[in-house]
Amino acid sequence: MGSQTGAARQKQTLLWFIVAVSQFASAPGCEPDYEFTIEEFCLANFTRDMKKLDQRHWCSWEDTVELYGKLSNCTLLVAHQMNCFWPNRLVDEFFIRVHKQYFHDCSLSGRLLKDPPNRILGPFIAIPVLVTLLMTALVVWRSKRSEGIV
């Protein structure tokens, strides 16, 4: 039992070490060049694509998922080409800036709020209206019928 705990502790320590190295260590000279490249290449392409898209659609996941995926893949490919770790601190900061610039007005779920389709919304409107009319007709009919019984 004691050897299992020691082995588990060693594995946990090794895992923490790998995580720390992957987050803070990078190839020599990687950080300034990597940051410049993703700004000038990846962000420039993303900015161009987002300008083509109407700003009202920026919060629509269906409209931006492909552009966002291309941006993410671009940062990954640049990292691999430059022998940098990915994801890293620079990528995190980069995406925070992208979100602040393009998605700051979006809801927390990332989806554009809109009404459901008419096939779903229709029954929620029609059924209460029909029940109200039916109950009104029943009350009127019943009240006329009870007048003659008195």
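**Reading the cut-offs in a predicted model**

Modeller: Helix 3 (residues 61-81) has 21 residues and spans 29 Å from first to last C-alpha, close to the 30 Å expected at 1.5 Å a residue. Helices are DSSP runs of H or I, at least four residues, numbered from the N terminus. This is a predicted model, where local features need pLDDT of at least 70. Residues are numbered from 1 along each chain as its sequence is written.

Biologist: Why is asparagine 83 called exposed?

Modeller: Exposed means over 50% relative accessible area, buried under 20%, partly exposed in between (1.4 Å probe, protein chains only). Asparagine 83 has 60% relative accessibility, so it counts as exposed. Asparagine 83 lies in the loop between helix 3 and helix 4.

Biologist: And why is valine 131 called partly exposed?

Modeller: Its relative accessibility is 46%, so valine 131 counts as partly exposed. Valine 131 sits in helix 5 (residues 118-149).

Biologist: Which residues of helix 3 are buried?

Modeller: Among them are Thr64, Leu67, Tyr68 and Leu71.

Biologist: What is the phi of asparagine 83?

Modeller: Near 55°, a positive value in a residue other than glycine. Most residues other than glycine have a negative phi, and most peptide bonds are trans.

Biologist: Which peptide bond is cis?

Modeller: The bond from tryptophan 86 to proline 87, with omega near -5°. Proline 87 lies in the loop between helix 3 and helix 4 (89-102).

Note on methods: Predicted model: local features only at pLDDT ≥ 70, side-chain atom pairs only at ≥ 80, totals over all residues. Heavy atoms only, no water. Helix = DSSP H or I, 4+ residues; strand = E, 2+ residues; numbered from the N terminus. Expected span 1.5 Å × (residues − 1).
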